[in-house]
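Thanks, everyone. I'll keep this short. Please have the model open while I talk.

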Amino acid sequence: MRLTAEFTSEPFEGEGSVPSHAVRAVEVLRARGLDHDFGPLGTSVDGEAAAVLDALREALAGAFAGGATRVTLQIDRADG
């Protein structure tokens with residue numbers, strides 16, 4: 001089964017450098033080689049369910065360790 005997950009970490013810091021909580025989360029996805037899209041309003045990741053769920057646990061932990069006060073997460077089954 002494939003999943004697509006989208007998450008946003010807060011607080012938003014406006015324009016300028018990317019907040020460390022967002023950077024830490026996306027670094028996990030990069031390190032695991034998962035297809036992802038890192039954007040100004042959130043990050044999406046797509047892959048096999050086990051890989052996505054395992055990476056999300058670590059990515060969310062990294063976001064909170066980096067100063068996130070809230071993470072909003074949505075996960076959809078991508079293979080219908």
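Ground rules. This is a predicted model, so to speak: local features need pLDDT of at least 70, side-chain atom pairs count only at pLDDT 80 or more, and totals for chains, interfaces and linings use all residues. Residues are numbered from 1 along each chain as its sequence is written, and side-chain values use heavy atoms, with hydrogens and water left out.

Start with helix H1, residues 20-31. Helices here are DSSP runs of H or I, at least four residues; strands are runs of E, at least two; both are numbered from the N terminus. The expected span is 1.5 Å times one less than the number of residues. For the 12 residues of H1 that gives 16 Å, and the end C-alpha atoms are 16 Å apart, which agrees.

Which residues of H1 are buried? His21, Ala22, Ala25, Val26, Val28 and Leu29. Buried means under 20% relative accessible area, exposed over 50%, partly exposed in between, with a 1.4 Å probe and protein chains only. Down the axis of H1, the buried residues fall within an arc of 145°, so they line one face. That arc is taken from the directions from the helix axis to the C-beta atoms. They pack against strand S1 (2-10), strand S2 (35-39), strand S3 (42-48) and helix H2 (49-65). Contact means heavy atoms within 4.5 Å. After H1 comes Gly33, with a positive phi near 70°.

Now H2. Its 17 residues should span 24 Å, and its end C-alpha atoms are 24 Å apart, which agrees. Its buried residues include Val52, Leu56 and Leu60. The buried residues of H2 pack against S1, H1, S3 and strand S4 (70-77). Just after H2, Gly67 has a positive phi of about 110°.

Thr43 is buried, at a relative accessible area of 6%. Leaving aside neighbours within four places in sequence, its contacts include Phe7, Val26, Leu29 and Phe38.

Last, the largest pocket. It is lined by 19 residues, and Pro19, Ala22, Gly39, Pro40 and Leu41 lie nearest its centre. A pocket is an open set of points on a 1 Å grid over the protein atoms alone, with protein on both sides within 12 Å along at least five of seven lines; lining residues have an atom within 4 Å of a point. S1 supplies the largest share of the lining, three residues.

How values were computed. On a 1 Å grid over the protein atoms alone, a cavity is a set of points where a 1.4 Å probe fits but cannot get out, and a pocket is an open set with protein on both sides within 12 Å along at least five of seven lines; lining residues have an atom within 4 Å of a point.
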